[in-house]
Amino acid sequence: MTPYQQLQHATREERDWLLSTPLLTRALAGRVSRDEYLAFLGQAYHHVRFTVPLMMACGARLPEHLEWLRGALVEYIEEEHGHEQWILDDIRAAGGDAAAAATRPADPATRLMVAAVRDEIEHGHPVGFFGMVQVLEGTSTALATQAAERLQASLDLPDDAVRYLTSHGSLDIGHLAFFEGLVNRLEAQDLAAVIDTAKLVYRLYGAMFRGVETRCAGGNAARELSDALV
């Protein structure tokens, strides 16, 4: 198997657990409430706003044998910069309070996902950041465009209320092909760090979605973490 195929194979269980999240399966069927959609966008804002800072931290700490990856990070940074503002615009267009969403504390799973990746960059192997890329971009290409179409129809949303989802569904298809080429150049020890981080992020991202569903139903989003990390 190529390194990318090894990454896909090694993370299959965690990826399947994420994709089986009830909120995601309902989104693909157009059966998500406006409150759930707005709650998802709020959590997306709280991890997307850290994407560029995490990329910059990763690039600053890459070892010499991964110098070639800095150029790829520059491309990612240019394309990802400012996307958190798209999310706030979507919240406004969907009838939500963008200012409140931006100032409200992130749910536990969202906070831990960002913290775990930051810790890996700073105290582990910085290339582990690309495990987060595997999760977020892979999930976007699998779900974003279809979910956006179904949600827009079922919730009667304007085009500018689903910009984040529609843009990432198409944008990340190209990103994922680019990402595959990068992963296929990694050495075994570097690939191991990507796999390890991806496994954890799949669990925390899945817990984030489950937490949104639980909180909108009147429950406590924090309780979803125990199942995620088993």
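I count a contact when heavy atoms sit within 4.5 Å. On that rule, residues 24 or more positions apart make up 84% of the protein's contacts that have a separation of 6 or more.

**Ground rules.** I'm working on a predicted model, where local features need pLDDT of at least 70, side-chain atom pairs count only at pLDDT 80 or more, and totals for chains, interfaces and linings use all residues. Residues are numbered from 1 along each chain as its sequence is written, and side-chain values use heavy atoms, with hydrogens and water left out.

**Overall build.** I looked up the secondary structure and got 13 helices and 0 strands. My helices (H or I, at least four residues) and strands (E, at least two) are DSSP runs, numbered from the N terminus. Next I checked the radius of gyration, taken over C-alpha atoms, against the globule rule, 2.2 Å times the number of residues to the power 0.38. The protein comes out at 17 Å, close to the 17 Å that the rule gives for 230 residues, so it is as compact as a globular protein of that length. I have the C-alpha trace spanning about 50 × 35 × 30 Å along its principal axes.

**Surface.** I call a residue buried under 20% relative accessible area, exposed over 50%, and partly exposed in between (1.4 Å probe, protein chains only). That puts 53% of the 230 residues in the buried class.

**Holes.** I searched a 1 Å grid over the protein atoms alone: a cavity is a set of points where a 1.4 Å probe fits but cannot get out, and a pocket is an open set with protein on both sides within 12 Å along at least five of seven lines. Lining residues have an atom within 4 Å of a point. Grid points are joined across faces, edges and corners, and a volume is the space filled by probe spheres set on the points.

I count 2 cavities of 30 Å³ or more. The largest cavity has a volume of about 460 Å³. Its lining has 31 residues, and nearest the centre are Phe40, Leu136, Ser140, Tyr164 and Tyr205. Helices α3 (22–28), α4, α5 (51–61), α6 (69–80), α10 (129–155), α11 (163–183) and α12 each give two or more residues. Helix α10 supplies the largest share, 11 residues.

The largest pocket is about 200 Å³. I find 14 residues lining that pocket, with Asp35, Leu38, Ala39, Arg104 and Arg215 closest to its centre. Two or more lining residues come from each of α4 (34–48) and α12 (188–216), and α4 has the largest share with 6.

**Two residues.** Glutamine 134 lies in helix α10 and is buried at 2% relative accessible area. Leaving out residues up to four places away in sequence, glutamine 134 touches Tyr4, Leu7, Gln8, Thr11, Arg15, Thr139, Phe179, Ala198 and Tyr202.

Aspartate 156 sits in the loop between α10 and α11. I have aspartate 156 as exposed, at 66% relative accessibility. Its phi is near 55°, a positive value in a residue other than glycine.
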